[in-house]
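User: I'd like to learn how to read helices and their packing in a model. Could you walk me through one?

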Amino acid sequence: MDEFTRSCVDCRAGSCNKKDAPFPEFCLTSNLPKEVLADAMKQYELEENRRIAVAAAEVEADNYCKITRLEETIEFAKKIGVKPTNIIRQN
């Protein structure tokens with residue numbers, strides 16, 4: 001059997017939301033190496049990364065389940081000051 005990396009999408013425990021079940025072994029919430037977490041958190045200190053993360057969080061908080069993902073993408077682009085110039089359309 002081939003080995004593959006599991007992620008949140010594979011989790012049925014729901015421990016992150018409910019806080020009433022054990023985390024599975026592959027869970028990065030409970031098993032992320034401390035040096036990896038420290039490096040990830042350090043990335044938020046970089047101005048551009050922080051600006052983008054805050055804009056994404058604001059768009060999600062303001063529009064969750066209110067507008068489509070495409071509209072969210074457009075709102076995000078506006079917040080970070082770029083113009084979405086191409087929208088791929090499938091016929």
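Analyst: Happy to! This is a predicted model. Let's begin where a helix ends: helix H5 is followed by Gly81, whose phi is positive, near 80°.

User: What span should the twelve residues of helix H5 have?

Analyst: At 1.5 Å a residue, H5 (residues 69–80) should span 16 Å, and its end C-alpha atoms are 16 Å apart, so the two agree.

User: Now, how do I describe two packed helices?

Analyst: In general, you give the angle between their axes and the distance between the axes. Here, the axes of helix H4 (residues 47–63) and H5 come within 9 Å and cross at roughly 140°. That angle is why H4 counts as oblique to H5. The crossing is right-handed.

User: Which residues of H4 and H5 meet?

Analyst: From H4 come Arg51, Ile52, Ala55, Ala56, Glu58, Val59 and Asn63; they meet Glu72, Glu75, Phe76, Lys79 and Ile80 of H5. By type, this contact has six nonpolar residues, one polar and five charged.

User: Where in the protein chain is confidence lowest, and where highest?

Analyst: Helix H1 (residues 15–18) is lowest, at a mean pLDDT of 78, while H4 is highest, at 96. The protein chain averages 85, with 88% of the residues scoring at least 70.

Note on methods
Residues are numbered from 1 along each chain as its sequence is written. This is a predicted model: local features need pLDDT of at least 70, side-chain atom pairs count only at pLDDT 80 or more; totals for chains, interfaces and linings use all residues. Side-chain values use heavy atoms; hydrogens and water are left out. Helices (H or I, at least four residues) and strands (E, at least two) are DSSP runs, numbered from the N terminus. The expected span of a helix is 1.5 Å times one less than its number of residues. Axes are lines fitted to C-alpha atoms, for helices over the stretch in contact, and angles run from 0 to 180 degrees between N-to-C directions. Angles under 35 degrees count as roughly parallel, over 145 as roughly antiparallel, 65 to 115 as roughly perpendicular and the rest as oblique. A crossing is left-handed if the near helix is turned anticlockwise from the far one by less than a right angle, and right-handed if clockwise. Contact means heavy atoms within 4.5 Å. Ala, Val, Leu, Ile, Met, Phe, Trp, Tyr, Cys and Pro count as nonpolar, Asp, Glu, Lys and Arg as charged, and the others, Gly among them, as polar. pLDDT is the predictor's confidence in each residue, from 0 to 100.
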